[in-house]
Amino acid sequence: MERKRFLVCIDSDGCAIDSMDGKHRLCFAPLMVETWQMEGHREEAEEIWNKVSLWSVNRGINRFRGLQMALELCGERGFLKEDLTDLAAWNARTKVYSNAALEEEIGRTGSPLLEKVLEWSISSNAAIAALPPCRVFPGVREALERMSRDGDLVVVSSANRESVETEWNRHGLIRLVREVMAQDSGTKTACIARQMEKGYDGDHVLMIGDAPGDGRAAERNGALFFPIVCGREAESWRQLLEEGFERFLNGTYRGAYAEGRMKEFLEALR
């Protein structure tokens, strides 16, 4: 298939698919509490998880890095007593944040902590798979249809591949994208870089996401970023369709317009 002039990278959870809140509130957070036996401080521990992963500038952080941050904060509050060195070390050096990569590290080190992390991650995947089907945010389908006429669309997500592909297939969106790059593909920065190696100019690459990390991944590659504002997703997708994408195509996106969108985006994260 011939490459188009423009590339659009789209995050999945919390951006195109309304799945992020449920995964964190119903799966990741409560299972963290159970795995690390913090039931006596459940409300506080779950609040810490949700603050880290949903309502801060760390929104959208990879599950393993988010887990480290949340557990460290639980330790600071005094209701978790565990040495997190092995998790911090693995997070610092791994190039792929996935269960498979974690299993390799466990095989190499035999770390009991990482065994618990893997147990938590596998349990979380099972809990996520059992959740009711998630909806697509209003405006997503129309925007993807429009953008696919002028750009190559690629899903760039830090979620596990099975979950992402299931959701995009369920809603009939997979036909609009050329490729799905998920947790097993590497960081979002690396995923965008690999796509750009195919010959896309930085001003012709747009990352659409709901987390500051999505913006940093775009910036590191010299690409553009359109933020989906938390709590105002439908409005964001409408704005992308009605003005943002046209600015991207005609070369007037970078600068004041992009800065205004980013300012609004960051102000919505408390």
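Helices (H or I, at least four residues) and strands (E, at least two) are DSSP runs, numbered from the N terminus. The model is predicted: local features need pLDDT of at least 70, side-chain atom pairs count only at pLDDT 80 or more, and totals for chains, interfaces and linings use all residues. Residues are numbered from 1 along each chain as its sequence is written, and side-chain values use heavy atoms, with hydrogens and water left out.

**Helix α5**

Helix α5 spans residues 99-109, and its buried residues are N99, A101, L102, E105 and I106; buried means under 20% relative accessible area, exposed over 50%, and partly exposed in between (1.4 Å probe, protein chains only). Seen down the axis of α5, these buried residues fall within an arc of 160 degrees, so they line one face of the helix. The arc is that of the directions from the helix axis to the C-beta atoms. E104, G107 and R108 are exposed on the other side of α5. The buried residues pack against α3 (63-77), α4 (85-93) and α6 (112-129), where contact means heavy atoms within 4.5 Å. Just after α5, G110 has a positive phi of about 65 degrees.

**The sheet**

An open sheet is formed by five strands in the order β3-β2-β1-β4-β5, with parallel pairing; two strands pair if DSSP finds at least two bridges between them. β3 (179-181) and β5 (224-227) stand at the edges with a single partner strand each, so one side of each has no neighbour in the sheet. From one strand to the next, the twist averages 25 degrees. Strands β1 (residues 6-10) and β2 (residues 151-156) run parallel and are joined by five bridges; V8 has L153 as its bridge partner in β2.

**T35 and the cysteines**

T35 lies in helix α1 (residues 20-35). A polar atom of the T35 side chain lies 2.7 Å from the backbone oxygen of L31. Not counting residues up to four places away in sequence, T35 touches K116 and W120.

A disulfide is a pair of cysteine sulfur atoms within 2.5 Å, and the count by this rule is zero. The sulfur of C74 is 18 Å from the closest cysteine sulfur, in C27, too far for a bond. C230 is likewise in no disulfide, the nearest cysteine sulfur, that of C15, being 12 Å away.

| Residue | Relative accessibility |
|---|---|
| T35 | 15%, buried |
| C74 | 0%, buried |
| C230 | 10%, buried |

Note on methods
Axes fitted to C-alpha atoms, helices over the stretch in contact; angles between N-to-C directions. Polar contact = N/O pair within 3.5 Å; in protein donor to acceptor, adjacent residues only side chain to side chain.
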